[in-house]
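Thank you all for coming.

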Amino acid sequence: MTAPDVMNPSRPKPVYSFQNFWDTTVMRVPQFDLRAQTEKLGPELLEALRQVLYSGAYVQGAPIEELQKSMKAYFSAPHAVACSSGTDALLVSLMALDVGPGDEVITTPFSFFATLGVVLRLGAKPVLVDIQDATFNIDPAQIEAAITSQTKAMIPVHLYGQCADMEPILALSKKHSIPVIEDCAQSLGATYPFKAAAVGKAGAMGELGCISFYPSKNLGALGDAGMVLATDDALGKKVAMLRNHGQSERYIHPLVGGNFRMDGFQAAVLNVKLKYLEGWIARRQQIATRYSEALTQLGVLSKGVVLPARVYQGKTGDSMDHVFHQYVIRAPDRNALKATLESKGVGCGIYYPVPFHHQPCWTSRYGTSWSFPRTEKAAAECLALPIFPEMSDEQVDIVASSIAEHYGIRS
Ligand SMILES: Cc1ncc(COP(=O)(O)O)c(C=O)c1O
């Protein structure tokens, strides 16, 4: 049998076994299209993968070291620890803070389930705090009332690509000596303006920051991967040990950790893609601006549609105030609008339809008498429109005019 030529693979047509919202052969505008980027970077990616393949080192190894080094430099952080996923990055961060039964962790009810799941997995109690309407992120004004003597950590989530309001969060963290784990799974590269004209980077403002490299993220691997950033030296070293079964030296385990390691293939892919990240973010921002201008001009705001707010624009000292992992509008008739868009071949998504306090694993533990009105409103109204760097201006215009048509506006 001849070995397959890895530099010239045949490209079978993908088989889609579930929703077709990202299948470009079905959708006029898919919600995202991972193949477009992979096609463009094909030779570079294949070369990087080929090198790992023939190196024989598939876990840890040189590509991991290179990625960690690049991320440490990017964040000016003392530690960047490559992990198996964003979820495991969060889990290992909580483990490094010794979070367990009897402890409370403050977070938002409006995020991907991983943010909640890791707290529950460790037997700790999540304490939910409602969001701000404009950013969809945790409302710092409501956090202090949630702090108790059991509070062991806070996990603000930087949702959709825009930072939570970190200045007051970090002030509370300092006042009450509660460490902050930033969930920046969706916000790699985003910046935040401190009042003292300093610029914070998502993931490097609290003690620990957790990144996801899930394929659809702004910097996506070809499978699961994640990273923990640590601004605290001792915590960074502990995370690195916990990621590898709590091992300090070969076969010596002062701590009980797990296998939360990244594989070398994913690191090699990320090393190739990292240099394109800022350009991709710039394109995402262009798309967002085009959407906002088009939707405003078309008059859909008069129908109750609310556009995403860039609350830090012009204040961060750079252009990375919002990295637009998602472009999320609010629509009073969200489900009807989604159905119309899909019928017109426009993919879109709801992040997230079921808040944490409505999840069955929450209500079975903590009952149903929870109310976070801003979160519930967001869950009912939010709609993520297609956005990915390779999307054309024409596709943006198709989406905008499809929304206008839904509201009976002729473009
Ligand atoms: C806000 C948030 N937190 C955590 C995660 C978990 O990351 P991963 O899918 O890499 O485990 C995600 C990923 O979707 C996310 O969006």
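A residue is near a molecule if one of its heavy atoms lies within 4 Å of it. What you see is a predicted model, in which local features need pLDDT of at least 70 and side-chain atom pairs count only at pLDDT 80 or more, while totals for chains, interfaces and linings use all residues. Residues are numbered from 1 along each chain as its sequence is written, and side-chain values use heavy atoms, with hydrogens and water left out.

Around the ligand there are 15 residues, of which Gly86, Thr87, Asp183, Ser212 and Lys217 come nearest. A side-chain N or O atom of Lys217 is 2.7 Å from a ligand oxygen, a backbone N or O atom of Gly86 lies 2.8 Å from an oxygen atom of the ligand, and for the side chain of Gln186 the distance to a ligand oxygen is 2.9 Å. On its own the ligand has 390 Å² of accessible area (Shrake-Rupley method, 1.4 Å probe), and the protein covers 93% of that.

Turning to the cysteines, the structure holds 0 disulfides, a disulfide being a pair of cysteine sulfur atoms within 2.5 Å. For Cys83, the nearest cysteine sulfur is that of Cys210, 7.7 Å away. With 0% relative accessibility, Cys83 counts as buried, a word that means under 20% relative accessible area with a 1.4 Å probe, protein chains only. Cys163 is in no disulfide either, since the sulfur of Cys184, the nearest, is 8.2 Å away.

Key
Buried < 20%, exposed > 50% of the residue type's maximum accessible area, 1.4 Å probe, protein only. Polar contact = N/O pair within 3.5 Å; in protein donor to acceptor, adjacent residues only side chain to side chain.
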